[in-house]
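Please look through the structure below before reading on, and keep it in view as you go.

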Amino acid sequence: MTATNEPSFRESVDLMFNRAASLMDLPPGLEEKIRVCNATYTVRFGVRLRGDIHTFTGYRSVHSEHMEPVKGGIRFALAVNQDEVEALAALMTYKCALVETPFGGSKGGLCIDPRQYEEHELEQITRRFAYELAKRDLINPSQNVPAPDMGTGEREMAWMADQYARMNTTDINARACVTGKPLNAGGIAGRVEATGRGIQYALREFFRHPEDVQKANLSGKLVGKRIVVQGLGNVGYHAAKFLSEEDGSRIVGIIEWDGALYNPDGIDVESVRQWIVKHGGVSDYPDATHSADGAAVLEAECDILIPAALEGVINLTNADRIKAPLIIEAANGPVTAGADEVLRKKGTVIIPDMYANAGGVTVSYFEWVKNLSHIRFGRMQRRQEEARHELIVSELERLDRYLGDAWSMSPDFKSKYLKGADELELVRSGLDDTMRIAYQSMREVWHNRDDVEDLRTAAYIVAVDRVAKSYRAKGL
Ligand code: NAD
């Protein structure tokens with residue numbers, strides 16, 4: 001747990017912001033304007049369940065409206081509080097600027113343990129929360145567009161979108177009021193996997209730059225790298241699955257709420273996930289050593305540590321014992337400002353949350369655009385693209401016949417080349433491009449400025465500079 005003398009999550013974000021701002025040349029007053037949270041709405045509402053009225057507390061915080069709509073997930077967890085929601089909203093502002101999605105930053109949360117409720121009860125609670133937010137334009141396609149976060153997913157987003165549509169029966173763009181919806185309710189292919197996929201693309205891009213890999217005292221590519229992941233939820237599961245199945249990395253540790261699994265030979269991510277679905281946790285999983293003290297496995301020997309669960313898990317109480325030379329922050333705020341300082345001095349390279357987990361908001365952006373354009377990506381071009389490819393292939397086949405044995409097409413070339421891109425391929429391509437370009441913009445500052453020691457400061461400098469330019473363009 002976080003040491004008591006450490007700053008809160010929001011103060012931690014502000015400290016990291018200040019560190020970057022001190023290296024920038026922002027006009028007086030603008031720095032303060034960008035840092036502060038514009039508004040936080042607190043709502044307490046009652047829902048009749050099991051014969052009694054239960055009162056719930058929820059928040060929606062808007063950090064910056066330099067671009068609208070503002071964007072950010074809604075979290076369902078008991079620990080949700082105003083400080084946390086404001087910290088997460090601020091991170092959304094910087095994240096959207098860094099990956100160039102045209103949104104301001106927002107975040108929401110409901111104090112609830114979703115595991116304590118039946119599905120129909122959760123639906124009632126979610127719809128009521130959505131009603132409270134929508135009637136104040138805190139859910140609205142052109143003003144504030146929520147998405148999933150911890151404890152929420154496609155199901156909750158579908159309820160929220162439907163609630164908004166019921167309240168705005170003539171709004172032709174109603175579906176764009178939240179993202180992360182199921183495909184049959186206006187969602188987009190690849191949104192569920194997007195944040196984990198983004199972690200994979202971020203690591204691939206990092207390993208394309210040998211100087212950066214060397215800064216982390218590592219060498220080579222992702223293949224064979226030993227990874228510990230904390231949290232096998234949406235983000236952690238997809239990241240660990242793709243990295244082990246597609247990049248040849250070895251998942252040696254998995255930390256969950258009920259302890260950790262460790263196996264130096266590698267753990268089968270899919271089979272652990274199925275175990276969790278069936279048994280609720282990782283305890284008693286047969287093919288790895290289980291330890292009840294999950295957090296201790298954060299300190300295990302590995303090449304890459306992926307905290308993908310909660311904030312503040314790497315703090316002043318354990319930072320000096322973290323052995324991983326490379327940390328990629330899949331969760332928001334897993335490293336406190338104090339721990340960040342300790343790790344920086346140790347030479348640990350941290351790929352910061354603001355960049356690392358931006359895959360979710362990037363694909364949410366694609367979903368929002370899809371909803372506003374009312375057409376699936378690729379629907380107009382796919383067959384036309386295939387027809388043009390067919391022309392080339394038939395020409396090659398003519399050549400093939402003419403040249404005889406001297407030349408022939410490789411066996412799977414034709415089927416691969418002929419296939420036009422579907423929505424999923426287009427989404428992955430857009431995400432990959434976004435993750436590569438954003439990494440390059442960060443590393444340019446990291447390498448070119450002597451006063452910038454780490455990727456986090458570089459990320460803040462790129463993001464804050466863009467937000468500042470937006471405000472200036474508005475005449476502030
Ligand atoms: P999730 O609810 O799907 O998964 C969280 C996982 O962490 C669960 O498996 C849970 O059992 C586990 N967990 C809970 N307490 C734990 C503990 N003490 N130790 C270890 N594991 C624990 O949530 P998610 O959507 O995967 O989000 C995880 C993090 O990623 C959050 O910080 C969230 O803000 C961030 N994030 C999520 C998205 C997204 O698209 N879902 C996008 C950006 C950032």
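Leaving aside its neighbours within four places in sequence, which residues is V272 in contact with? Before the reply, please note that this is a predicted model. Once neighbours within four places in sequence are set aside, V272 is in contact with L232, I254, L261, I267, V282 and Y285.

- Between V272 and A288, which are 16 residues apart along the chain, the C-alpha atoms are separated by 9.8 Å.
- E205 lies in helix α6, which covers residues 194-206, and E205 is buried as well, with a relative accessible area of 1%.
- If the neighbours within four places in sequence are left aside, the residues in contact with E205 are R436, Y439 and Q440.
- E205 and R428 are 223 residues apart in sequence, while in space the distance from C-alpha to C-alpha is 14 Å.

**Helices that pack against each other**

- Two packed helices are described by the angle between their axes and by the distance between the axes, so both values are given in this group.
- Helix α1 (residues 9-21) and helix α3 have axes that come within 7 Å and cross at roughly 30°, and the two helices are therefore roughly parallel to each other, a label that applies to angles under 35 degrees.
- The contact between them is made by F9, R10, V13 and F17 of α1, together with D83, E84, E86, A87, L88, A90, L91 and Y94 of α3.
- Helix α1 also packs with helix α10 (residues 337-346), where the axes come within 8 Å and cross at roughly 50°, and α1 and α10 are therefore oblique to each other.
- On the α1 side of this pair S12, L15, M16 and R19 take part, and they meet A337, D340 and R344 in α10.
- Helix α3 (residues 82-98) and helix α16 (residues 455-473) have axes that come within 8 Å and cross at roughly 90°, so α3 and α16 are roughly perpendicular to each other.
- For this pair the contact is made by L91, T93, Y94, A97 and L98 of α3 and by A459, Y460, V462, A463, V464, R466 and V467 of α16.

**Salt bridges**

- Side chains of opposite charge can pair when their charged atoms come close.
- How many salt bridges does the structure hold? The structure holds 50 of them, and a few are described in the points below.
- E84 forms a salt bridge with R75, in which the closest N and O atoms are 3.3 Å apart, and both E84 and R75 are buried.
- D162 forms a salt bridge with R166, the closest N and O atoms being 3.0 Å apart, and both residues lie in helix α5 (residues 154-167), 4 residues apart, which is about one turn of the helix.
- D162 is partly exposed because its relative accessible area is 30%, whereas R166, at 56% relative accessibility, counts as exposed, the cut-off for exposed being over 50%.
- The side chains of K241 and E270 also meet in a salt bridge, with a distance of 2.9 Å from N to O.
- K241 counts as buried at 17% relative accessibility, while E270 is partly exposed, with a relative accessible area of 22%.
- Salt bridges that share partners join R19, E329, D340, E341, R344, K345, D353, E453, D454 and R456 into one network.

**A nonpolar patch on the surface**

- L399, Y402, L403 and W407 form a nonpolar patch on the surface, and together these residues have about 420 Å² of accessible area.
- One of them, L403, is found in helix α13, which covers residues 382-403, and L403 counts as partly exposed because its relative accessibility is 37%.

Key:
Residues numbered from 1 in each chain as written. Predicted model: local features only at pLDDT ≥ 70, side-chain atom pairs only at ≥ 80, totals over all residues. Heavy atoms only, no water. Patch = residues over 30% accessible without salt bridge, like charges linked within 9 Å, V, L, I, M, F, W, Y side chains within 5 Å. Areas by Shrake-Rupley, 256 points an atom, 1.4 Å probe, with all protein chains shown as cover. Salt bridge = Lys/Arg side-chain N within 4 Å of Asp/Glu carboxyl O. Buried < 20%, exposed > 50% of the residue type's maximum accessible area, 1.4 Å probe, protein only. Axes fitted to C-alpha atoms, helices over the stretch in contact; angles between N-to-C directions. Parallel < 35°, antiparallel > 145°, perpendicular 65-115°, else oblique. Contact = heavy atoms within 4.5 Å.
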